[in-house]
Amino acid sequence: MIDIHALMERAPADRAQYRWQRTIGDFYQRALAGSVFYALGCLVTAWFGGYFSRYPALVAAVLLLFALLTYLRRTHRPPQDLNDRLATKAWWTRHWWMVHGGSIVWCGFFAAVGVIEAGPSLVFSIAALCTIAYTSAACEVYSFDRKQALLVVVLIQLPAMALFLVEVPPLRALVIVLAVYFVYQLAHIRRRGREYDAQVDVEYALITSRAEVQRLSQQDALTGLANRREYETTFGSHWHAAARQRTALALIVMDLDHFKRVNDTHGHSAGDACLRHVAVLMQERFRRGGDLVARIGGEEFAVVLPDTSAEEAVAMAQALRDDLVNHPLPWESHAIDMTASIGVDAIRWDIDTSPQDSYRRIDDACYAAKGNGRNQVVQAGPSP
Ligand SMILES: Nc1nc2c(ncn2[C@@H]2O[C@H](COP(=O)(O)OP(=O)(O)OP(=O)(O)O)[C@@H](O)[C@H]2O)c(=O)[nH]1
């Protein structure tokens, strides 16, 4: 069964795709009960008309067909992968055939009742009321596909109405009433179809704004890197997964040197440009899927490196330090030089007992790098 909330969580790529997937779920669920109601209408009509004894073969055949269609509609589930366009299209077409099959069977039964009764009897009125109820329900539940909804309404009644018009003159008045009601139903299908689309629009707007809110809550607005919150979540989950499997995980903590001077000398917007420049250099350096580059403070950055040994991480940190030195930021007529102090290490499973422990150790190494004269990489040792 397709869960609309789950569908909203997964947020399909675009609105058309969302509508398509939502419609498949709605179609399956809304078509489930249809044949049961047809069967009920047939039972009531047959009961009051004494058809069980007079026309047992007709009643049995109609009920059997409805039972079969109920079974088919229930078991014909939508494909698991709703992104599989071909499979969903094929499912869609087959499912409509099942729905139209029910309409045709009812129309045949309705026509038979009209011919048997040969006039507006109580039994015929029951069948006619059922027909009106079914067409009204079809306008309502199948409005997500206006053409198919129209076809359902046509197939349920129009062939029988044509037959009555020609073969059963006492029923012509009813045919006229049904024809008038049919015009109203056309308008009803259009209106409900528009409402369905409007509802999909609202849901999709909700999905996209929720995705945007989530993105903003994870992203640093100035640089576009992950923010501190996202870093903590990601590093925490990598840390625990790596601790369970005893795999390598490394962390780099980097603090820009004398950044206050950049602001004081060149202005705050130059400082902002430097931070963005550093972010670009870091993203270019750490491209491997799974690596996370984050801005975790004003001029403090972190890089989470899964499956990375201490030696590899130290080499990467050196390369990052070199990147900064070799790529000053072009600013107005000159260039702004930047250096950074960097702490780095792989998680030490013998001494680190939590992600916070690991961070503290490596952050201490970063400050040791500052203390040693800045513009250098220090590999963290055990906490003092
Ligand atoms: N332009 C800009 N500056 C920022 C931002 N966030 C923090 N800063 C500045 O970064 C500077 C950090 O200064 P300090 O903590 O003294 O560090 P520092 O000058 O880099 O000196 P050391 O870390 O000791 O090398 C401050 O001047 C902050 O105003 C920001 O988003 N944009």
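This is a predicted model: local features need pLDDT of at least 70, side-chain atom pairs count only at pLDDT 80 or more; totals for chains, interfaces and linings use all residues.

**H240.** I started with H240 and found it in helix α10, residues 228-245. Buried or exposed? I get 12 C-beta neighbours inside 10 Å for H240, so it counts as exposed, since the cut-off for exposed is 12 or fewer. I also looked across the sequence from H240: P355 is 115 residues away along the chain, yet the two C-alpha atoms are 8.0 Å apart in space.

**Whole chain.** I stepped back for the overall counts. The protein chain has 14 helices and seven strands. Of its 384 residues, 33% are buried. I then checked contacts between residues at least 6 apart in sequence, and 67% of them join residues at least 24 apart.

**Positive phi.** Next I went through the backbone angles. Most residues other than glycine have a negative phi. I noted R246, which is not a glycine but has a positive phi of about 55°. R246 sits in the loop between α10 and β1. I count 7 other C-beta atoms within 10 Å of R246, so I have it down as exposed.

I place H258 in the loop between β1 and α11. With 15 C-beta neighbours inside 10 Å, H258 counts as partly exposed.

**β1.** How many of the residues of β1 are buried? Eight of the eight are, so I'd call the strand largely enclosed by the rest of the structure. I checked the two faces of β1 separately. L249, L251, V253 and D255 are buried on one side, and A250, I252, M254 and L256 are buried on the other.

Then I looked at what β1 pairs with. One partner is β3 (residues 300-306), antiparallel, over seven bridges. In that pairing I find A250 opposite L305. The other partner I wrote down is β6 (residues 340-346), where the pairing is again antiparallel and over seven bridges. There the bridge partner of L251 is D345.

**β2.** I followed β3 on to β2 (residues 292-295). These two pair in the antiparallel sense over four bridges, with L292 standing opposite V304 of β3. The two strands form a hairpin, and I count four residues between them.

**Cores.** Which residues have the most contacts inside the largest nonpolar core? That core has 46 residues, and my list reads L251, I252, A302, A313, A317, I342 and V344. β1 provides the largest share of this core, seven residues. Leaving aside neighbours within four places in sequence, A317 is in contact with I252, I342, V344 and V377. I also found another core lying apart from this one, with 45 residues, including A39, V99, V105 and A160.

**α7.** Then a helix check. α7 (residues 122-141) has 20 residues and, at 1.5 Å a residue, should span 28 Å; I get 28 Å between its end C-alpha atoms, which agrees. For burial in α7 I wrote down F124, A127, A128, C130, T131, Y134, T135, A138 and C139. What covers these buried residues? My list includes α3 (34-49), α6 (85-117), α8 (146-167) and α9 (172-218).

**Ligand.** Last entry, the site around the ligand. Which of the 15 residues around the ligand come nearest? I have D257, F259, K260, G271 and G298. By element, β1 (249-256), α11 (259-266) and α12 (268-285) each supply at least two residues of the shell. α12 gives the most, with four residues. Sorting the shell by class, I get four nonpolar, five polar and six charged residues.

β1 keeps turning up in my notes.

Methods
Residues are numbered from 1 along each chain as its sequence is written. A residue is buried if 20 or more other C-beta atoms lie within 10 Å of its own, exposed if 12 or fewer, and partly exposed in between; C-beta atoms are placed from the backbone. Two residues are in contact if their C-beta atoms, placed from the backbone, lie within 7 Å. A residue is near a molecule or strand if its C-beta atom, placed from the backbone, lies within 6 Å of it. Ala, Val, Leu, Ile, Met, Phe, Trp, Tyr, Cys and Pro count as nonpolar, Asp, Glu, Lys and Arg as charged, and the others, Gly among them, as polar. Two strands pair if DSSP finds at least two bridges between them. A nonpolar core is a set of buried Ala, Val, Leu, Ile, Met, Phe, Trp, Tyr and Cys residues joined through C-beta atoms within 7 Å. The expected span of a helix is 1.5 Å times one less than its number of residues.
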